[in-house]
Amino acid sequence: MSKGGDYFEQGTNLAGSPVTSSPEDTQKDPLGSSIFYACCMETRETTVHPTAVVMPGAELGVGVEVGPFCVIEPGVELGDGCKLSPHVHLLGRTTIGADAKIGSGTVVGGEPQDKAYAGEPTRVIIGRECRLHEHVTIH
């Protein structure tokens, strides 16, 4: 996974955050299991639309596609091959597994909308190959 801010810089988005991947990082699955990715996985290019913002501290896997006007905040981990449609906002401690597709206008990772929530740390984990359609909100 590439890390925003201080990793191997091959390109940047409008916020100046690097967009890249490194072969040694492709050994770790975003959900914590140790796996070996096939050679062809390492050649897929991560792309970020010029209007998207990937903040330092966000981690993007190999072959991730970030669409127009997306915002990816620190603490977010995107698995290999994820595809984000326009206007997706990912924040907080959010992990999205490989090959997930996130629809336009989706927001994932904000504070829980529950009266019992008192500011304690929370986390959102979305598994591999999941599909979140348009305007989904998950906190």
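Q: Which residues does T106 touch, leaving out those up to four places away in sequence?
A: In this predicted model, T106 touches H87, V88 and H89, and also L132, H133, E134, H135 and V136.

Q: Where is T106 found, then?
A: T106 is in a loop, the one between β11 (101-102) and β12 (107-108).

Q: Is T106 buried or exposed?
A: T106 is buried: its relative accessible area is 0%. The cut-off for buried is under 20%, so T106 counts as buried.

Q: What does the side chain of T106 reach at 2.8 Å?
A: That would be the backbone oxygen of G103. A polar atom of the T106 side chain also lies 3.1 Å from the backbone oxygen of H133, and H133 is one of the residues T106 touches.

Q: Switching to the sheet. What order do the five strands come in?
A: The order is β3-β6-β9-β12-β15. The sheet is open, and its strands pair in parallel.

Q: And which strands stand at the edges?
A: β3 (53-54) and β15 (137-138) do. Each has a single partner strand, so one side of each has no neighbour in the sheet.

Q: How many bridges join β6 to β9?
A: Two bridges, between β6 (residues 71-72) and β9 (residues 89-90), and these strands run parallel.

Q: Which residue in β9 does I72 stand opposite?
A: I72 has L90 across from it.

Q: New topic: how many salt bridges does a search of the whole structure find?
A: The search finds one. The side chains of E65 and K83 form a salt bridge, at 3.7 Å from N to O.

Q: Where do E65 and K83 sit in the chain?
A: E65 is in strand β5 (residues 65-66) and K83 is in strand β8 (residues 83-84). They are 18 residues apart, and the pair links distant parts of the chain.

Q: Let's zoom out. How many helices and strands are in the chain?
A: The chain has one helix and 15 strands.

Q: How much of the chain is buried?
A: Of its 139 residues, 41% are buried.

Q: What does the accessible surface come to?
A: About 7100 Å² for the chain, with 54% of that belonging to carbon and sulfur atoms.

Q: And what share of contacts join residues at least 24 apart?
A: That share is 37%, taken among contacts in the chain between residues at least 6 apart in sequence.

Conventions:
Residues are numbered from 1 along each chain as its sequence is written. This is a predicted model: local features need pLDDT of at least 70, side-chain atom pairs count only at pLDDT 80 or more; totals for chains, interfaces and linings use all residues. Side-chain values use heavy atoms; hydrogens and water are left out. Helices (H or I, at least four residues) and strands (E, at least two) are DSSP runs, numbered from the N terminus. Buried means under 20% relative accessible area, exposed over 50%, partly exposed in between (1.4 Å probe, protein chains only). A polar contact is a pair of N or O atoms within 3.5 Å; within protein, one must be able to donate a hydrogen and the other to accept it, and residues adjacent in sequence count only if both atoms are side-chain atoms. Contact means heavy atoms within 4.5 Å. Two strands pair if DSSP finds at least two bridges between them. Accessible areas come from the Shrake-Rupley method with a 1.4 Å probe; for residues, only the protein chains shown count as cover. A salt bridge is a side-chain nitrogen of Lys or Arg within 4 Å of a carboxyl oxygen of Asp or Glu.
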